[in-house]
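Here is a short report on a predicted model.

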Amino acid sequence: MEAAIIGVGMTTIEKSKVGETYADLAWEAVNKALNDAGLGIDDIDNVITTSSDFWDGRTISCMAVGDASGVRYKNCSAVEGDGTFGAAYALARSLSGDYKTTLVTAHSKGSESISSIITNAAFDPIYERGLGMDMISACAMQARAYMHATGTTPEQLALVSCKNHKNAKDNPYAQLPMDITVKDVLSSEMIADPLHKLDCSPVSDGCCAIIIANADFVKKIKAKPVWIKGVAFCSDAYFMGDRDLSKAKALEEAAKKAYSMAGITNPQNEINVAEIYDAFTYQELMWIEGLGLAEYGKAGLMLEKGIFNRDGKLPVNPSGGLLSGHPVIAAGLYRIAEVVLQLRGEAGGRQVNAKRGVAHGVNGLCGQSHCVWVLDKEK
Amino acid sequence: MGKRRVAIVGTGQTHHRSHRPDVNGRELIHEAVTRALEDADLSIKNIDAVIIGNMDHFEGINYVDCWSIDGSGGYHKPVIKLTTGGTTGSTLAIGGYHFVASGMFDKVLIIGWEKNSESDTTGAITTAFDPVWDRLVFAGAISGLAVEAQSYMAKYGATDRDGARVSVRDRKHACNNPYAQLRKEVTLEEVLASPMLADPIHLLDVCPRTDGACAVIMASEDYAEKITSTPDWIWATANRHKYTYLGDVNWGELDSMAEASKDLFKKCGITEPRKQIDVIEMYQPYSFAGIIWIEDMGIVPRGKGAEYIWSGATDMGGELPINPSGGVIACNPIGATGLIRCAEAALQVMGKAEARQVPDVNFAVSTGFGGCMWTDMLLHGKKKPNL
């Protein structure tokens with residue numbers, strides 16, 4: 001594809017950025033991305049912001065960050081959902097030939113939100129909402145279905161948490177760097193069986209920005225581009241009863257398409273690093289399999305063998321993932337930014353040896369809708 | 001210009017009503033989608049991706065892209081949600097154009113919808129504005145519009161009778177549109193005698209609340225010409241979402257419209273919009289905008305809007321008919337409204353607008369309005385654009 005990511009900017013992810021508004025967060029991330037690309041705001045010809053009216057408690061939530069994202073004299077638009085989807089629209093604009101440089105932002109302040117009420121509103125108002133369902137209770141059902149179908153154990157889930165929190169120790173943007181053991185995870189508070197507190201991602205504040213440019217523009221600048229090789233998204237059925245919750249079919253389809261665009265036939269061998277939407281421990285394993293990076297039901301065993309560790313054959317979430325910081329709407333865009341840093345060799349203490357990487361984001365309940373990005377050092 | 005030509009090949013709308021208790025949101029969406037597919041003689045299997053939008057706080061449903069699958073037909077397809085407030089519908093159309101122009105998809109289904117009967121519309125809109133600086137002094141949409149109208153009247157001496165003339169036009173036009181919600185002619189006197197909502201805006205100057213959905217199918221050149229012999233080519237898009245704070249707005253002029261139309265017309269080589277454009281479907285939520293915004297669009301000089309309206313030039317049969325559909329004053333399912341403008345402009349170009357058809361349309365403009373005095377625009381053409 002004739003487009004590349006030429007700049008990334010992230011705020012630190014924190015439990016509460018009480019001193020900063022959405023605009024303050026966007027301002028910081030946008031300026032970091034511009035500096036990273038060696039550009040000024042006048043070099044940007046259009047802007048996509050990504051936000052959620054529900055998570056922000058604000059109608060037309062994009063309005064809160066418009067000024068700070070530099071939309072004033074530019075064409076712009078706004079996506080609601082995960083940042084990977086915002087970036088997908090930005091990519092379309094870059095490839096359309098209408099624009100050279102698209103700035104993408106995504107922000108969330110979980111500290112100002114009540115997750116259970118907000119995610120309850122994602123359920124059907126007539127049939128499901130009254131049951132009191134929310135993201136955690138739904139994902140607990142999915143975790144149970146996945147464990148039942150694959151024989152994945154609570155210990156294997158716990159190991160995801162240990163790995164990711166440890167990885168976060170080398171990520172200056174992460175909220176929860178920790179050394180923890182499987183025992184610590186299993187003895188942490190039970191939130192919704194089988195999910196313990198340490199199986200769940202935290203409530204977080206943060207903003208991420210990236211700049212996507214078309215190939216002609218990339219030639220003219222000094223910034224180190226990371227090339228976009230494949231992007232695809234796909235949605236599964238809405239009602240949980242219409243889906244086999246133990247499988248991520250929509251992710252499999254999105255991954256298949258993204259790999260085909262990138263000319264990848266054997267993702268396990270051809271992908272060197274993955275940043276995955278691990279809102280819960282079981283999700284990292286399920287999504288690894290959905291992305292074709294492990295056979296179905298085998299991710300837990302591969303994890304035990306250390307394959308997904310930072311020094312393993314296929315490092316997954318070397319940044320610490322969402323388990324170490326989960327600014328909801330921004331979470332997927334952070335995944336893209338992290339893969340970009342890895343491929344540029346600028347990931348500091350969390351650097352792995354990678355030429356090609358995959359980043360992943362999710363919309364809706366229990367991974368109903370997935371977006372997959374394949375990024376490469378080379379064009 | 002884009003790398004690939006993009007055209008609208010099918011449109012569908014619900015028969016918009018103030019209250020549709022017979023359907024839920026998904027069923028409402030399904031009605032519009034089915035009609036658009038029928039119009040293009042396509043099946044949902046032919047659709048590569050779905051782009052959907054509304055305003056969350058009206059229906060209180062989170063992740064609408066995911067929730068709406070059974071109505072949109074997005075099952076195991078790429079589905080993405082765009083939302084920008086009142087401009088949502090036009091934002092969706094602009095999104096569809098870019099997804100096809102990019103080569104990522106060949107045929108996209110674009111859906112805007114709203115069930116405003118389920119909402120406290122003013123309550124939900126009020127939360128759009130900054131909680132510290134704006135929210136306590138500006139309630140909902142109508143207060144901002146009243147400020148705009150007052151500022152314009154103070155600058156250019158327009159009267160509420162001028163505004164009423166626009167309302168008379170749009171409400172008359174709506175009688176030709178079977179999909180419009182309010183289809184009743186009114187007189188100037190009736191508009192002026194209707195209750196004052198926010199001075200100078202009377203009840204009959206302003207849009208209603210509506211339940212409705214609209215679907216538009218866009219296709220790349222290869223497919224478009226096979227699907228229909230009269231594709232509506234999208235020549236270009238432009239928008240400006242200039243402001244975050246109401247206090248920053250240059251009241252009395254719509255800067256976002258002035259800048260977006262300049263950008264749009266430049267991209268398409270339109271130098272004399274009044275002569276070159278044959279019809280406009282404007283997201284004009286209240287009557288005074290019909291005077292002010294045609295000045296910002298460059299149709300007439302500053303301060304000359306009312307004179308142009310009174311001349312009858314924007315009526316059906318006039319030099320440049322505006323809102324043959326009856327526009328937003330006759331019907332406003334907010335998340336769908338901008339897309340309805342786009343669909344109506346497409347019908348005009350395709351020659352499918354029936355009783356509301358303007359003869360010989362070569363160029364049509366559709367617009368969206370919303371947010372903090374923001375504007376979206378699309379230029380539609382009968383001929384193919386240059387690449």
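## Strand S11 of chain B and its partners

Ala236(B) has Leu379(B) as its bridge partner in S11(B). The two strands behind this pair are S8(B) and S11(B), which run antiparallel and are joined by seven bridges. On S10(B), residues 363-370, the pairing with S11(B) is also antiparallel, over eight bridges. Here Ser366(B) has Leu378(B) of S11(B) as its bridge partner. S10(B) and S11(B) form a hairpin with three residues between the strands. Gly371(B) in that hairpin takes a positive phi near 55°.

How many residues of S11(B) are buried? The count is eight of eight, so the strand, residues 374-381, is mostly covered, with 20 or more other C-beta atoms within 10 Å as the mark of a buried residue. Both faces are covered. One side carries Trp374(B), Asp376(B), Leu378(B) and His380(B). The other carries Thr375(B), Met377(B), Leu379(B) and Gly381(B).

## Where the chains meet

Chain B puts 47 residues in contact with 46 residues of chain A. Several elements of chain B give two or more residues to its side of this contact. Among them are helices H2(B), H3(B), H4(B) and H6(B), and strand S8(B). H5(B) supplies the largest share, six residues. By class, the chain B side has 21 nonpolar, 19 polar and seven charged residues.

Strand pairing also crosses between the chains. S3(A), residues 75-80, pairs with S3(B) in the antiparallel sense, over two bridges. Opposite Glu80(A) stands Lys81(B) of S3(B).

## The nonpolar core

The largest nonpolar core has 271 residues. Which residues have the most contacts inside it? They are Cys208(A) and Ile210(A) from chain A, with Ile110(B), Ile111(B), Val216(B) and Met218(B) from chain B. H15(B), residues 334-350, gives the most to this core, with 11 residues.

Take Met218(B). Leaving out residues up to four places away in sequence, Met218(B) touches Val6(B), Ala7(B), Ile8(B), Gly96(B), Tyr97(B), Val100(B), Val108(B) and Ile110(B).

## Helix packing in chain A

Two packed helices are described by the angle between their axes and the distance between the axes. For H4(A), residues 83-95, and H14(A), residues 331-344, the angle is about 65° and the axes are 5 Å apart. H4(A) and H14(A) are therefore roughly perpendicular to each other. H4(A) brings Gly83(A), Thr84(A), Gly86(A) and Ala87(A) to the contact. H14(A) brings Ala331(A), Gly332(A), Leu333(A) and Ile336(A). Four of the contact residues are nonpolar, four are polar and none is charged.

H7(A), residues 154-167, packs against H12(A), residues 281-290, at about 95°, with the axes 8 Å apart. This pair is therefore roughly perpendicular too. The contact uses Leu157(A), Ala158(A), Val160(A) and Ser161(A) of H7(A). From H12(A) come Thr281(A), Tyr282(A), Glu284(A) and Leu285(A).

## Lys249 of chain A

Lys249(A) lies in H10(A), residues 249-262. Why does Lys249(A) count as partly exposed? Because Lys249(A) has 16 C-beta neighbours inside 10 Å. Its C-alpha atom is separated by 29 Å from that of Gly110(A), a residue 139 residues apart along the chain.

How values were computed
Residues numbered from 1 in each chain as written. Chains lettered and ligands numbered in written order. Predicted model: local features only at pLDDT ≥ 70, side-chain atom pairs only at ≥ 80, totals over all residues. Contact = placed C-beta atoms within 7 Å. Helix = DSSP H or I, 4+ residues; strand = E, 2+ residues; numbered from the N terminus. Nonpolar A, V, L, I, M, F, W, Y, C, P; charged D, E, K, R; others polar. Pairing = 2+ DSSP bridges. Axes fitted to C-alpha atoms, helices over the stretch in contact; angles between N-to-C directions. Parallel < 35°, antiparallel > 145°, perpendicular 65-115°, else oblique. Core = buried A, V, L, I, M, F, W, Y, C linked by C-beta atoms within 7 Å. Buried ≥ 20, exposed ≤ 12 C-beta atoms within 10 Å, placed from the backbone.
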